[in-house]
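The entries follow the order in which I went through them.

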Amino acid sequence: MQTIFVTGGAGFIGSALIRLLIAESDWRIVNIDKLTYAGNLESLAEFADHPRHVFSRSDICDRAAMDDLFAAYQPAGVIHLAAESHVDRSIHGPGDFIDTNISGTYTLLEAARAWWSALDAEAKAAFRFHHVSTDEVFGSLGDTGLFVETSPYQPNSPYSASKAASDHLVRAWHHTYGLPTVITNCSNNYGPCQFPEKLIPLMIHNAVSDKPLPIYGNGDNVRDWLYVDDHARALRLVFEQGVPGETYNIGGHNEKTNLEVVDTLCALLDELKPRHDGRSYRTQKISVADRPGHDKRYAIDATKIQRELGWTPQESFESGMRRTVLWYLENPAWVAHVVSGEYRQWMDRNYGDRQ
Ligand code: NAD
Ligand code: DAU
């Protein structure tokens with residue numbers, strides 16, 4: 001049984017990736033996560049005692065802790081997702097983004113390089129350091145065009161600048177030291193277990209809680225939405241089959257304005273959980289002040305990963321949104337625990353001795 005590290009495995013995408021890897025692969029996963037506000041082991045409740053899921057509460061900025069983990073578990077590779085991920089938080093307080101996304105990635109790269117340098121030639125060639133990044137590093141598009149792997153980097157928010165910096169570090173560790181790295185740049189994800197600060201889970205939670213649905217500006221900013229399990233499948237493919245030194249764009253060909261997204265959610269909720277007074281959830285929409293520096297449009301050209309690795313998304317926007325709304329309606333305790341802060345006590349009760 002070979003081991004890989006997944007950093008940020010208690011987060012939204014990391015937990016989806018671990019669910020996929022446990023169900024469909026033979027990897028043993030060491031899940032390295034600091035458990036910031038965004039880390040929630042309740043998303044992995046079913047794997048608390050699984051023999052192929054080892055949890056380590058560790059900070060990727062802690063070099064000694066990373067060295068100890070490499071020595072203890074001898075991984076065949078790393079899929080690195082741990083990050084501060086929310087643009088609005090980066091605007092209000094960029095410090096943690098610089099620390100985790102830039103310094104943390106640097107620390108992890110150095111720990112990985114030290115471990116990898118001592119391997120024999122065969123293990124060295126097979127090793128992968130996979131950095132999970134975002135399409136936001138490319139900046140903002142006008143009305144037309146798509147991001148390709150060679151699009152210039154033009155990050156606009158503290159979050160995207162910190163992710164761009166970490167992409168550059170990963171690239172440099174490949175070119176300078178030969179560390180076998182791959183980078184993926186993905187568009188907006190949605191699905192189960194997403195922290196309800198992000199657009200889609202926030203809107204679902206506010207809608208059913210009879211709260212306003214706050215739309216930044218006039219709601220015509222465009223994002224390219226991808227169901228999280230499709231991203232997880234792409235990550236596995238790139239980790240196992242991607243070419244060292246390469247980058248791969250991942251996206252769902254689902255460009256929607258924010259208003260279209262919110263209206264879709266309202267229509268699904270009107271059908272699945274009608275408001276008590278019979279009015280549409282759309283009546284809860286309000287326009288609020290725009291995000292400073294709000295990127296206008298993101299859209300991904302995913303031709304390369306489709307052509308070279310055979311990846312295509314399985315969910316359409318319609319099927320993925322329906323799945324997502326149903327999940328939040330059927331799992332009210334997950335959101336309630338996050339909103340009340342109870343998820344931290346849940347982790348202490350169920351993972352306390354392993355943190
Ligand atoms: P998330 O905020 O849900 O999860 C991040 C996880 O990282 C949390 O579990 C948190 O506890 C952990 N973490 C934070 N700082 C840490 C540190 N110093 N040491 C160890 N663990 C730490 O994020 P997400 O939405 O799942 O995103 C995961 C990755 O994918 C990020 O790198 C993000 O930039 C990237 N990404 C996200 C999206 C998206 O739409 N959410 C799209 C493209 C790329
Ligand atoms: O493109 C990939 C990126 O997508 C990831 O790298 C980030 O980690 C992830 O958070 C996401 O960034 P966005 O800023 O696009 O996601 P967010 O859900 O915060 O916002 C989506 C859009 O909705 C954006 O145009 C802002 C708008 N919005 C958001 C919130 C939270 C609103 O109009 N109202 C809101 O309350």
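**Ligand 2: contacts and cover**

I started with serine 85, where a backbone N or O atom lies 2.7 Å from an oxygen atom of ligand 2. I was working on a predicted model, and I kept that in mind throughout.

Next I looked at proline 214. One of its backbone N or O atoms is 2.8 Å from a nitrogen atom of ligand 2. Tyrosine 216 also contributes through the backbone: an N or O atom there lies 2.9 Å from an oxygen atom of ligand 2.

I then checked cover. On its own, ligand 2 exposes 690 Å², and the protein buries 94% of that.

I moved to ligand 1 and began with its surroundings. It has 28 residues around it, and the nearest are Ile13, Asp33, Ser85, Tyr159 and Lys163.

I went through the side-chain contacts one by one. Aspartate 59 places a polar side-chain atom 2.9 Å from a nitrogen atom of ligand 1. For threonine 100, a side-chain N or O atom is 3.0 Å from a nitrogen atom of ligand 1. Lysine 163 has a polar side-chain atom 2.7 Å from an oxygen atom of ligand 1.

How much of ligand 1 does the protein cover? I noted 97% of the 840 Å² of accessible area that the ligand has on its own.

I listed the elements that give two or more residues to the shell of ligand 1. They are helix H1 (12-24), strand S5 (128-134) and helix H6 (158-177). S5 supplies the largest share, three residues. Sorting the shell of ligand 1 by class, I got 12 nonpolar, 12 polar and four charged residues.

**Helix packing on H11**

Helix H7 (residues 199-208) packs with helix H11 (residues 317-330) at an angle of about 50°, and their axes are 11 Å apart. That angle makes H7 oblique to H11. I logged the crossing of H7 and H11 as right-handed.

What angle do H9 and H11 make? I read about 55° for helix H9 (residues 258-272) against H11, with the axes 10 Å apart. H9 is therefore oblique to H11. The crossing of H9 and H11 is right-handed.

**Recap**

For ligand 2, the backbone contacts I noted involve serine 85, proline 214 and tyrosine 216. For ligand 1, the side-chain contacts I noted involve aspartate 59, threonine 100 and lysine 163. H11 packs with H7 and with H9.

Methods:
Residues numbered from 1 in each chain as written. Chains lettered and ligands numbered in written order. Predicted model: local features only at pLDDT ≥ 70, side-chain atom pairs only at ≥ 80, totals over all residues. Heavy atoms only, no water. Near = heavy atom within 4 Å. Polar contact = N/O pair within 3.5 Å; in protein donor to acceptor, adjacent residues only side chain to side chain. Areas by Shrake-Rupley, 256 points an atom, 1.4 Å probe, with all protein chains shown as cover. Helix = DSSP H or I, 4+ residues; strand = E, 2+ residues; numbered from the N terminus. Nonpolar A, V, L, I, M, F, W, Y, C, P; charged D, E, K, R; others polar. Axes fitted to C-alpha atoms, helices over the stretch in contact; angles between N-to-C directions. Parallel < 35°, antiparallel > 145°, perpendicular 65-115°, else oblique. Left-handed = near helix turned anticlockwise from the far one by under 90°.
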